Amino acid sequence: MVCFCFLVDQTREVRRSKLAAGVCSRCGGGASVADMKTSTRFCLVPLYWKSWSAVMCTYCGAILKSYH
Ligand SMILES: [Zn+2]
């Protein structure tokens with residue numbers, strides 16, 4: 001029997017955010033500009049991570065716009 005370990009997960013972390021103009025199209029909550037960090041792990045070993053910015057809703061967390 002062959003046992004395969006295949007587990008990829010991705011974690012998203014908001015490093016800092018500040019209020020921005022605009023409202024969420026989903027819930028009408030306030031928007032903020034956030035610096036995000038996404039890391040991808042394979043079998044719990046970090047493979048790579050990237051930093052990006054996004055405009056997100058402070059209420060429901062929806063990504064309204066992203067800048068890569
Ligand atoms: Zn929202």
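**Strands, salt bridges and a zinc site**

Let me begin with Ser-39, which lies in strand β2, where strands are DSSP runs of E with at least two residues, helices are runs of H or I with at least four, and both are numbered from the N terminus. What we have here is a predicted model, so local features need a pLDDT of at least 70 and side-chain atom pairs count only at pLDDT 80 or more, whereas totals for chains, interfaces and linings use all residues. Residues are numbered from 1 along each chain as its sequence is written, and side-chain values use heavy atoms, with hydrogens and water left out.

Staying with Ser-39 for a moment, this residue is buried, at a relative accessible area of 16%; buried means under 20% relative accessible area, exposed means over 50%, and partly exposed is what falls in between, with a 1.4 Å probe and protein chains only. If residues up to four places away in sequence are not counted, Ser-39 touches Asp-9, Gln-10, Thr-11, Tyr-48 and Trp-49, contact meaning heavy atoms within 4.5 Å.

That leads to the strand pairing, for which two strands count as a pair if DSSP finds at least two bridges between them.

On to the next pairing, where β2 and strand β3, residues 45-57, run antiparallel and are joined by twelve bridges, with Lys-37 standing opposite Ser-51 in β3. These strands form a hairpin too, with two residues between them, and Cys-43 in the turn has a positive phi of about 50 degrees. Cys-43 is partly exposed, its relative accessible area being 22%.

How many salt bridges does the structure hold? There are two, on the criterion that a side-chain nitrogen of Lys or Arg lies within 4 Å of a carboxyl oxygen of Asp or Glu. In one of them the side chains of Asp-9 and Arg-41 meet at 2.9 Å, N to O. Because Asp-9 lies in strand β1 and Arg-41 in strand β2, this pair ties together parts that are 32 residues apart in sequence. Asp-9 is partly exposed, with a relative accessible area of 25%, and Arg-41 is likewise partly exposed, at 26%.

In the other salt bridge, the side chains of Arg-16 and Asp-35 meet at 3.1 Å, N to O. Here Arg-16 lies in strand β1 and Asp-35 in strand β2, so the pair ties together parts that are 19 residues apart in sequence. Arg-16 is exposed, at 60% relative accessibility, and, not counting residues up to four places away in sequence, it touches Val-33, Ala-34 and Asp-35. From C-alpha to C-alpha, Arg-16 and Tyr-67 are 15 Å apart in space, although 51 residues apart in sequence.

Turning to the metal, which residues are the protein donors of the zinc ion? They are Cys-24, Cys-27, Cys-57 and Cys-60, each through SG, lying 2.3 to 2.4 Å from the ion; donors are N, O and S atoms within 2.8 Å of the metal, or 3.2 Å for Na, K and Ca, and water is not among the atoms, so sites may look incomplete. Along the chain, the donors follow the spacing C-x2-C-x29-C-x2-C. The site is tetrahedral, with angles of 102 to 115 degrees among its four donor atoms, given that four donors count as tetrahedral if all angles lie between 85 and 135 degrees. Cys-57 counts as buried, at 1% relative accessibility, whereas Cys-60 counts as partly exposed, at 33%.

A disulfide is a covalent bond between the sulfur atoms of two cysteines. Taking it as a pair of cysteine sulfur atoms within 2.5 Å, the count comes to zero.

Finally, there is Lys-65, which lies in strand β4, residues 63-67, and is partly exposed, with a relative accessible area of 49%. Leaving aside neighbours within four places in sequence, Lys-65 is in contact with Ala-54 and Val-55, while the C-alpha atoms of Lys-65 and Lys-50, 15 residues apart along the chain, are separated by 17 Å.

Terms used:
Tetrahedral: all angles 85-135°; square planar, octahedral: opposite > 155°, others 65-115°.
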